[in-house]
Amino acid sequence: MRWAGQQIDAETPGTLPGLGSIAGLVRSVTTPEFQGVTFHEVLARSALNSVPGSALPFNWTVNPYRGCTHACRYCFARPTHTYLELDTGRDFDQQIVVKTNVADVLRRELARPSWRHERVALGTNTDPYQRAEGRYRLMPGIIDALASSGTPFSILTKGTLLRRDLGLLSTASADVSVGIGISLALGDEELRQRLEPGVPSVRGRLDLIRALRAAGLPCGVMVAPVLPWLTDSTDQLDHLLEELSAAGATGVTPLVLHLRPGVKDWFMQWLAHDHPKLVSRYESLYSHGSYASPSYRKAFEEKARPLLAKHGFAGPSAHRSEPIRGMHATRAAGAPAQQRLF
């Protein structure tokens, strides 16, 4: 979403480079609860983002935040911060843009006669349930706006803060199709703390899956990214899928790490520090672009397919959505139409 269409206030002096020209900037805020993090509160003129003609199972998204305190070294959304003249590394983790009026703007857009009640996806860029949501509480208004307008929606998150809104989501699911996806790829807690330090624990997200299922809501899981030679062994995948099955996940989508320009450098810095012996192997694996070599991806699919079947996740998918450059599997018993990852 470009900021050029959100002009409300004149340039605000004293802001970070680039942010002085962000249209709609109201103020920049720091707080002791979020040490090292600055929130840049803006008034947005639009909430719905159109993504027409894509291979995705939705044409509209809502992104209440830009930047993310999860601080995942591999996050594909990092390059979006360059539009604000901020870097894709620490700035992305610590300079968080907050659309404080997003729910009100969304209500107006959904009330337009031209709105066709197409599925809206949240969490496709940065996480709507990152820690900032605990401060700004934007999601309850967004959920209510979508449900009350008869608009189906989905949420993809790593944030256990979603548990706060289980009641709202259950109520919404009585009126519209609601899809919930949890991102959980690193079963090793020590590795998680080094690679995605702001993300809730593995155990916390497994408990969230259980809570969602107990509330009668679907819960697909994105096992993404799978990290070559770090989390892709048969034993590691077998153990993680066993835990996801026990927690009640209704679908699993494993996706191999991809490294876009602007992300690759940040990730490779981490790899050189934590796993220097893997640097040359990664450089070779990703030498032709953002995605791992076709031979690696094919070998991974052949490895993962029987493990998915072993733990009750069988294909082809019964979900409407198809994976993006990866596989998608649902529980073998079959899932109703509402149980979609997106």
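A: A residue is called buried when its relative accessible area is under 20%. The model discussed here is a predicted one.

Q: Why is asparagine 125 called buried?
A: The relative accessible area of asparagine 125 is 19%, and the label requires a value under 20%, so asparagine 125 counts as buried. Asparagine 125 sits in the loop that joins strand S7 (120-122) to helix H3 (132-136).

Q: What is asparagine 125 in contact with, leaving aside its neighbours within four places in sequence?
A: Contact requires heavy atoms within 4.5 Å, and the residues in contact with asparagine 125, once those neighbours are left aside, are Asn63, Phe76, Ala77 and Thr80.

Q: Which residues of helix H2 are buried, and how do you know that they line one face of the helix?
A: In helix H2 (residues 102-110) the buried residues are Val102, Ala103, Val105, Leu106, Glu109 and Leu110. Viewed down the axis of H2, these buried residues fall within an arc of 160°, and therefore they line one face of the helix. The elements against which they pack are strand S3 (48-50), strand S4 (60-62), strand S6 (95-99) and helix H4 (139-148).

Q: What puts the buried residues of H5 on the same side?
A: Leu166, Leu169 and Ala172 are the buried residues in helix H5 (residues 166-173). Around the axis they cover an arc of only 125°, so they lie on the same side of H5.

Q: What makes up the lining of the second largest pocket, by residue class?
A: The lining divides into 4 nonpolar, 4 polar and 4 charged residues, and among the residues that line this pocket are Val37, Thr69, Arg90, Asp93 and Trp266. Helix H1 (residues 90-94) gives the most to the lining, with 3 residues, and the pocket has a volume of about 170 Å³.

Q: Which residues of the largest nonpolar core touch the most other members?
A: Of the 90 residues in the largest nonpolar core, those that touch the most other members are Ile142, Phe153, Leu244, Phe267 and Tyr282. Apart from this core lies another, of 5 residues, including Val42, Leu84, Leu86 and Val97.

Terms used:
Residues are numbered from 1 along each chain as its sequence is written. This is a predicted model: local features need pLDDT of at least 70, side-chain atom pairs count only at pLDDT 80 or more; totals for chains, interfaces and linings use all residues. Side-chain values use heavy atoms; hydrogens and water are left out. Helices (H or I, at least four residues) and strands (E, at least two) are DSSP runs, numbered from the N terminus. Buried means under 20% relative accessible area, exposed over 50%, partly exposed in between (1.4 Å probe, protein chains only). The arc is that of the directions from the helix axis to the C-beta atoms. On a 1 Å grid over the protein atoms alone, a cavity is a set of points where a 1.4 Å probe fits but cannot get out, and a pocket is an open set with protein on both sides within 12 Å along at least five of seven lines; lining residues have an atom within 4 Å of a point. Grid points are joined across faces, edges and corners, and a volume is the space filled by probe spheres set on the points. Ala, Val, Leu, Ile, Met, Phe, Trp, Tyr, Cys and Pro count as nonpolar, Asp, Glu, Lys and Arg as charged, and the others, Gly among them, as polar. A nonpolar core is a set of buried Ala, Val, Leu, Ile, Met, Phe, Trp, Tyr and Cys residues joined through side-chain atoms within 4.5 Å.
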